[in-house]
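Here are my notes for you to read with the model open beside them. Take the points one at a time and find each residue as you go.

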Amino acid sequence: MITLGIETSCDETAVCVLETRATTDAKTGGRAIEYRILENVIHSQADLHAKYGGVFPMMAKREHEKNLPVIVEKILGPGDEKIKSGALKIDRIAVTKGPGLEPALRVGVDYAKKIAERLKVPIVGVNHMEGHILGSLLTSSKSDAGPDAPFTKLHEPALPALALLISGGHTELVLMPNIGEYKIIGRTKDDAVGEAFDKVARLLGLPYPGGPQVSELAEQARLNERTGPDAATPEITLPRPMLRSPDFDFSFSGLKTAVLYEIRKTDENATMKPGAPNQDLTETMKRGIAREFEDAVTEVLTTKTAKAIETHGAQSLIAGGGVVANAHIRTALETVATQNSIHLFLPPAGVAGDNALMIALAGALTAIDNNRAEIDILKAAANLSL
Ligand code: KG4
Ligand code: ZN
């Protein structure tokens with residue numbers, strides 16, 4: 001089965017063509033899913049939004065409207081030429097229906113419906129967060145175009161699995177008794193982890209999206225502390241919010257406020273406002289704050305994850321979402337998995353951030369009985385929950 005996946009929930013316009021097939025595992029005799037990626041395009045608007053310090057929904061919408069048809073036409077050929085000539089076959093369309101930015105989501109959903117009608121194929125709306133979970137079961141995001149390209153086996157997590165989803169918009173712990181069944185057991189009460197990284201980046205005068213840069217500063221601090229030059233780093237201690245709370249919820253908004261108070265020790269006029277760089281910060285201070293912030297976030301995430309594994313008897317751990325690109329957090333999650341003797345599934349390169357491959361995969365794994373009905377009821381749902 002060949003699925004055309006479309007993702008426009010935030011600031012990435014992404015389209016993927018994924019072929020999947022069910023086989024029998026030679027070793028276990030159980031069902032195995034194999035896949036190969038025929039096309040995988042991600043067009044990021046991050047540079048455009050960077051100027052404004054965050055994603056602007058209406059600008060994201062306009063960019064999706066401009067870019068999505070161009071990407072799809074490149075894949076299907078002008079006037080669906082490749083479909084008509086038989087060079088490419090599409091069996092179904094999968095599109096992100098939520099959660100995300102409403103205007104951005106709508107562009108994807110409306111366009112996907114048009115293609116489905118034109119190609120007379122069923123359409124399925126995919127929950128973006130399910131995409132992030134299932135995307136971590138892929139082994140590669142490389143497209144292997146060509147009829148002879150090999151199929152790759154999808155990872156099979158031992159069940160029940162626990163998923164930690166950490167992105168710019170979400171921070172959730174999700175229990176997955178089976179693929180397609182999800183129960184949110186914990187979530188952030190305020191800022192998402194990625195959002196906290198981005199806000200701290202702004203406080204440190206770094207451009208959006210600041211996660212990768214905060215992480216780089218933190219790595220430099222660790223390296224420098226080991227080799228000497230940062231020996232004079234001021235002692236900075238940030239809180240570990242909700243570390244010992246009895247639930248699996250998180251809170252990260254207090255952390256950025258704590259960072260602001262640290263900065264005010266050197267620059268009493270420091271503010272949270274975009275475009276107001278806090279000038280008096282030394283590079284050493286910035287590195288020290290980044291390191292302590294990353295340590296605090298990592299400690300809270302891993303402590304709660306470990307507790308959830310134990311409480312719910314999770315047999316495997318899945319991590320997904322843009323923040324999983326963070327090397328320090330990945331390493332800490334590896335340790336949690338090892339300590340619990342379970343396997344950790346991380347998204348392969350190119351699948352941590354938003355992409356259409358994970359959406360095509362989730363759509364392919366979703367059995368739909370009444371395909372035509374879906375096109376009538378399918379609509380963007382900005383606050384969709386798993
Ligand atoms: O999943 P994603 O691409 O988009 C959302 O659905 O939100 O996640 C984007 C978020 C941004 O907040 C970005 O700063 C963060 O992921 N991020 C990172 C790193 N790379 C991306 N945060 C920390 N460390 C990183 N290396
Ligand atoms: Zn995402």
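Predicted model: local features only at pLDDT ≥ 70, side-chain atom pairs only at ≥ 80, totals over all residues.

1. Start at ligand 1: one of its oxygen atoms sits 3.2 Å from a polar backbone atom of Gly194, and a backbone N or O atom of Gly322 is 2.9 Å from an oxygen atom of the ligand.

2. Residues are numbered from 1 along each chain as its sequence is written, chains are lettered from A and ligands numbered from 1 in the order written, and side-chain values use heavy atoms, leaving out hydrogens and water.

3. Now the zinc ion (ligand 2). Its protein donors are His128 (NE2), His132 (NE2) and Asp354 (OD), at 2.1 to 2.2 Å. Donors are N, O and S atoms within 2.8 Å of the metal (3.2 Å for Na, K and Ca); water is not among the atoms, so sites may look incomplete. Along the chain, the donors follow the spacing H-x3-H-x221-D. His132 lies in helix H5 (residues 128-135) and Asp354 in the loop between strand S11 (343-345) and helix H11 (357-365), so this pair ties together parts 222 residues apart in sequence. Helices (H or I, at least four residues) and strands (E, at least two) are DSSP runs, numbered from the N terminus.

4. Buried means under 20% relative accessible area, exposed over 50%, partly exposed in between (1.4 Å probe, protein chains only).

5. Check two peptide bonds. The one from Gly98 to Pro99 is cis, with omega near -5°, and Pro99 is in the loop between strand S4 (92-98) and helix H4 (102-119). Tyr208 and Pro209 are also joined by a cis bond, with omega about -15°.

6. Last, look at phi. Lys120 is not a glycine, yet its phi is positive, about 55°; this residue is exposed, with a relative accessible area of 69%. Met242, also not a glycine, has a positive phi of about 60° and is partly exposed at 23%.

Notes
Polar contact = N/O pair within 3.5 Å; in protein donor to acceptor, adjacent residues only side chain to side chain.
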